[in-house]
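Morning, everyone. Please bring up the sequence and the model, and keep both in view while I talk.

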Amino acid sequence: MKAYELIKETFCRRGYIWIVHVVWLILYGCFWWLFLPRNGTEFGQFGRFLFIWGGFFLPLALTAGIFGDDISSGRICVLVTKPLWPGELYLCRLLGLSLQSTVHFILAGCVLVILHLIVRKGSIEHLGLWLLASWLLFNTVATLSMSLSIVVGRTFNSLLILVVVVTGYFLMGLLGMAMSQKESSGVLTAFIRYPWPPFELLSKLASGEYEKYSLTVGRFSIAKSIACVVHSLVLTVVYSIIGIILLRKRQFSRQRD
Amino acid sequence: MTISADETMIDNDKKQAAVVECRQLTKIYQKLLAGKDTAVCALRNISLSVGEGQIVGLIGPNGAGKSTLLNLIAGLIFPNEGSVAVCGHPARSIEAHRGLGYMPEHPVFLGRYTARAVLRYHGALSGMSKQAISHQTDTLTEKLDMGEYLDRPCTDFSQGMKQRLALAIAMINDPKLLLLDEPSNGLDPIGIIQLRNFLKELRAAGTTIVISSHRLGELEQLTSDYMFMYRGQVVSFADKPSGAHAGRLRIELVSDGKAIAEKLLPPSKVLSATDTKLEVAVGDPREVPDIVIELAKGGARMMDVTLERENIEDVFVRLCNEGT
């Protein structure tokens, strides 16, 4: 009952959440319909679109102010006086978001398969892998956004992640180019790759860049692909633990009277 | 209620099991990265013990520390020094929250939810079963006169309805301790009467209630246990020249009022004296007959004697004016 209400709340807390899901599904369809070459055999171009919109922008839209709004409005003051472990509040909301994304990506897959069957355009090879990568990225970004929302007021958590990711990747790209000849570039690459949302590793996993190690090959070693998945899940857990600790340690008060 | 501030104790001889136990509480608000000059001491060395079935009124001017004390008891903030226990458990523990109901000053709800959905949500968060939530919702709806609004979205609610719903949320798990921050804000007169009767019923059933309110007249009808707070400290009513139930005795005389007052009454008791009028401070109404007999024996020819009792509002104004 408790978990059900908290999970339901992630979908009902704002009027626009179902609209976001519908708009995103329409976007996938439009991109497929309008921008994919008729004779294309590669799914990668569409896969990246799905990965960025579904895995990155969708969690930002769904988690905007997920704790921040509660804190700035004072609603959290009643929530935290209920006999709940703070982790329950956090994890049930994460579960709610994760369930939403699961349904979202299943529906997205169905839409794409139906479109493919109707218009006979593009390819749906690796579709499952791109959906898996998008789902894993969604969870990582959603957790990071939720944890940030505990310390950042109102809906700024999503905006902050967006700005930091765009700026960060731009700067790192520039630095990478400048330092490509130096030995320290490896440290920089590792710093970009491991502690932050795993854009690079998951997109490599989905696009089959590990070739014979890719999940799609299967009969060979799949160690690298599994490592990508585990890395993403570990990041989700680490971001969650940070969020739960913040929620436990934070004070909630609107006035000093 | 037992209150202590700076080691000063007031005891009203009620020895119930303590539902709230605060020891040597100090709370300082300081912004992160800001200097110590910006720190505000909201509470200073406060100890408080509230027993079962008591209603305690927190009163004081704005910025006195009333909401800070409520927030500390609710476990929303942490003290810099001291400890808070609710039903014997640390304030922010799950065990403490099992017996706690909290109503904030400005309640906010999920806008798209109806009142019924909000109550179901909070009931579920309190670990109640579907049947228990349904039963409690029906009971509270009837007591708080919310039937008409139960299936409307909260966005449509007036301030008074929001207050009723917030009180129902605080009461959904039938708590042992109810913390109310300005509960009568926005309520119409009938709503205020309903609230008063409801709180009296709760007290009779053994619920402990701590109320922070500026509506002193309302508080006076609910309880005689007050805690006057001023600049983060508790100010004792009993330490003042006249206590919470004290008043002033107005005496009209034929003549020689001033001389009689100097001769028969201690100067600290005489508030004002002219030949025909005397005003005497009275700590306890039972002192009145003795004062009148004393004056009559001393030769005072009295025409009229009136006792003006000091209500809580008078005490509040007096304490504020005295700068405590």
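Ground rules first. This is a predicted model, where local features need pLDDT of at least 70, side-chain atom pairs count only at pLDDT 80 or more, and totals for chains, interfaces and linings use all residues. Residues are numbered from 1 along each chain as its sequence is written, and chains are lettered from A, ligands numbered from 1, in the order in which they are written.

Chain A. It has eleven helices and zero strands. Helices here are DSSP runs of H or I with at least four residues, strands are E runs of at least two, and both are numbered from the N terminus. Buried residues make up 39% of the 257 residues in chain A. Buried means 20 or more other C-beta atoms within 10 Å of a residue's own, exposed means 12 or fewer, and partly exposed is in between, with C-beta atoms placed from the backbone. Of the contacts in chain A with a separation of 6 or more, 79% join residues 24 or more positions apart. A contact is two C-beta atoms, placed from the backbone, within 7 Å.

Chain B. Ten helices and 16 strands. The C-alpha trace spans about 75 × 50 × 35 Å along its principal axes. Of 324 residues, 40% count as buried. Residues 24 or more positions apart supply 71% of the chain B contacts with a separation of 6 or more.

How do the chains meet? On the A side, 24 residues are in contact with 32 residues of chain B. The elements of chain A giving two or more residues to that side are α1 (2–12) and α5 (75–79). Helix α1(A) gives the most, with four residues. By class, the chain A side has nine nonpolar, seven polar and eight charged residues. For those classes, Ala, Val, Leu, Ile, Met, Phe, Trp, Tyr, Cys and Pro are nonpolar, Asp, Glu, Lys and Arg are charged, and the others, Gly among them, are polar.

The contact takes ten residues from domain 1 and six residues from domain 2. On the domain 1 side, α7 (216–222) and β11 (225–230) of chain B each give two or more residues. Helix α7(B) gives the most, with four. That domain 1 side has eight nonpolar, one polar and one charged residues.

Next, the cores. A nonpolar core is a set of buried Ala, Val, Leu, Ile, Met, Phe, Trp, Tyr and Cys residues joined through C-beta atoms within 7 Å. The largest one has 129 residues, and among the members touching the most others are B:I73, B:L179 and B:V210. Its largest share, 14 residues, comes from helix α7 (residues 127–151) of chain A. A second, separate core has eleven residues, including B:L249 and B:I260. Look at B:L179. Beyond its neighbours within four places in sequence, its contacts are B:L70, B:I73, B:A74, B:Y102, B:M103 and B:V210.

In α4(B), which sides are buried and exposed? B:I133, B:T137 and B:L140 are buried. They cover an arc of only 75° around the axis, so they sit on the same side of α4(B); the arc is taken over directions from the helix axis to the C-beta atoms. On the other side, B:Q131, B:D138 and B:E142 are exposed. The buried residues pack against α3 (115–125) and α5 (159–171) of chain B.

Contrast that with α10 (residues 199–207) of chain A. Seven of its nine residues are buried, so the rest of the structure largely encloses it. Just after α10(A), A:G208 takes a positive phi of about 70°.

Last, the angles. Most residues other than glycine have a negative phi. B:D145 is not a glycine, yet its phi is positive, about 55°. B:D145 sits in the loop between α4 and α5 of chain B. With 14 C-beta neighbours inside 10 Å, B:D145 is partly exposed. B:D174 also has a positive phi, near 50°. Its place is the loop between α5 and β9 (177–181) of chain B. B:D174 has 16 C-beta neighbours inside 10 Å, so it counts as partly exposed.

That's it from me.
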